[in-house]
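Here is a briefing on one protein model. Look over the sequence and the structure first, then read the points below.

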Amino acid sequence: MSNELFVQVLQRLSRVPGVRGAMIVDIVAGVPVVAEVAEGVQPAPVAALAASLFQRTARAAEGVAFGKLDTVQLEADAGHVVVADAGETAVVAVAERGAQLGLIRLEVHRAAEALR
Amino acid sequence: MNFPAVADLQRWSAEVARDPASPAFVPLARAFRRQGRREAALRLCLRGLEHNPAHIEAHLLLALLYLDSGDRQRACDEWGMVLHLEPESFEAHRGMGFYYLERGELPRAREHLERAGTVRPGEPAVREALNYVRERTAGPDGPTPAPGRGGPPARRSDGAAAGPAPAAVAAAPSPPVSQSRSPAAAPSAVASPEPPPVQVSRDPQRLFEGLLADPPFIGAMIIDRQGLVLAGTTRAGSGIEALGAVLAAAIDEAERTARHLQLGNWRSILLEAAEAVVHMSPLTEDLALLMAVRREAPTGWVLRSAARAQGLARAFLGDEA
């Protein structure tokens with residue numbers, strides 16, 4: 001897949017109101033492939049943490065026969081992090097507390113689907 | 001996504017050059033799209049379809065190319081063409097479903113998404129979109145009932161939007177998972193009264209027994225930071241007891257992520273796998289609640305059940321203290 005398509009997918013996701021950062025992450029290496037983030041969001045550590053969280057929970061889900069993990073969603077006091085499986089990569093969105101999470105989840109899944 | 005080999009590209013190019021009616025135009029156009037050569041892919045597709053007007057893959061690819069360039073109407077026309085040729089095309093129903101979703105035509109979006117979901121039940125994007133639409137679709141179909149309390153929503157037969165024009169997606173209210181409420185007040189996607197109070201068992205193994213009455217419920221456990229189970233009730237044979245040990249470590253990851261992003265304390269972690277959804281939430285600094293339900297449960301129902309389990313766990317821990 002061309003870099004242009006990666007960027008296109010991310011731009012669409014990052015346009016959703018309340019999204020502070022969107023990135024495509026190499027899930028094995030834990031590094032960002034492409035990122036569009038607001039000031040103050042550092043892609044590299046977020047990618048590493050998101051990939052680690054996803055890998056750990058994916059192993060847990062498969063370990064108890066829950067099947068392949070497709071989404072991890074972290075809710076915190078001031079925002080959300082959504083990570084969706086996209087094959088060898090994952091789509092990560094960081095959103096503010098008041099963001100329309102349903103819409104963000106929808107776009108994250110669409111982005112992941114486009115990358116598979 | 002894999003790139004085709006150079007030899008394949010050369011072979012397809014040669015075939016199309018030799019015979020403009022060759023179906024090789026489809027993989028070649030797809031390869032051009034992946035390379036970012038959208039105009040070339042579009043021209044190739046249009047020319048190929050002149051010779052192969054009933055080529056479904058070509059119409060689907062053309063729809064994607066139009067979508068790439070932001071021309072949703074033309075993309076929709078292509079999906080419509082595909083549905084004419086193949087009424088149960090997953091890709092076309094999915095495309096139409098998202099098209100109507102973006103336009104805020106929720107009943108029509110729902111109709112197409114449900115048909116796509118019937119063809120391929122496991123597709124996360126379709127499932128997510130369906131949850132989104134069902135939670136907002138009023139009228140004859142009504143919202144999705146809670147699992148175990150009714151059948152799936154009926155599909156409209158006419159495909160037309162009912163009642164007043166629905167609000168655009170972007171203006172639709174946030175779904176339950178986006179609300180910033182305490183776990184005890186977690187909302188439900190289903191407009192129903194609060195559940196009756198459940199008696200709290202003092203037996204750690206029967207603490208969540210009342211929740212077993214709901215078929216999607218698999219189990220719930222109170223775990224500590226080492227993953228040891230303090231109390232828990234699980235459906236026989238589910239084997240989820242092993243989850244605690246692995247997921248307790250995930251809490252550390254979640255805390256680190258939230259701290260790094262300056263998001264404050266973690267409130268919940270939701271894992272969605274092919275067969276089940278796992279919800280984790282903090283009870284105290286050292287304890288967390290872990291609940292697993294079957295995947296078909298709507299998100300709102302999951303949060304509602306998590307809130308009930310939270311209430312039981314807190315009451316149990318209060319009694320223990």
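In chain B, 53% of the contacts with a separation of 6 or more join residues 24 or more positions apart. A contact means heavy atoms within 4.5 Å. This is a predicted model: local features need pLDDT of at least 70, side-chain atom pairs count only at pLDDT 80 or more, and totals for chains, interfaces and linings use all residues. Residues are numbered from 1 along each chain as its sequence is written, chains are lettered from A and ligands numbered from 1 in the order in which they are written, and side-chain values use heavy atoms, with hydrogens and water left out.

**Chain B overall**
- Chain B has 10 helices and five strands. Helices (H or I, at least four residues) and strands (E, at least two) are DSSP runs, numbered from the N terminus.
- Of the 321 residues in chain B, 51% are buried. Buried means under 20% relative accessible area, exposed over 50%, and partly exposed in between (1.4 Å probe, protein chains only).
- Chain B exposes about 14500 Å², and carbon and sulfur atoms supply 52% of that area. Accessible areas come from the Shrake-Rupley method with a 1.4 Å probe; for residues, only the protein chains shown count as cover.

- Helix α3(B) covers residues 38–51, which is 14 residues. Its first and last C-alpha atoms lie 20 Å apart, close to the 20 Å expected at 1.5 Å a residue. The expected span is 1.5 Å times one less than the number of residues.
- The buried residues of α3(B) include B:Ala40, B:Leu44 and B:Gly48. The buried residues of this helix pack against α1 (6–18), α2 (25–34) and α4 (56–68) of chain B.
- Helix α8(B), residues 124–134, is largely enclosed by the rest of the structure, because 11 of its 11 residues are buried. Among them are B:Pro124, B:Arg127, B:Glu128 and B:Arg134.

**The largest pocket**
- The largest pocket holds about 1200 Å³ of space. Of its 35 lining residues, A:Ala114, B:Arg33, B:Leu64, B:Leu67 and B:Arg94 are the closest to its centre.
- On a 1 Å grid over the protein atoms alone, a pocket is an open set of points where a 1.4 Å probe fits, with protein on both sides within 12 Å along at least five of seven lines; lining residues have an atom within 4 Å of a point. Grid points are joined across faces, edges and corners, and the volume is the space filled by probe spheres set on the points.
- Helix α4(B) gives the largest share of the lining, six residues.
- The lining divides into 14 nonpolar, five polar and 16 charged residues. Ala, Val, Leu, Ile, Met, Phe, Trp, Tyr, Cys and Pro count as nonpolar, Asp, Glu, Lys and Arg as charged, and the others, Gly among them, as polar.

- A:Ala65 has a positive phi near 60°, though it is not glycine. A:Ala65 sits in the loop between α2 (43–63) and β3 (69–76) of chain A, and is exposed at 60% relative accessibility.
- B:Gln262 also is not a glycine, and its phi is positive, about 55°. B:Gln262 is exposed, with a relative accessible area of 69%.
- B:Ser268 lies in strand β3 of chain B and is buried at 7% relative accessibility. Beyond its neighbours within four places in sequence, B:Ser268 contacts residues including A:Leu74 and B:Met280.
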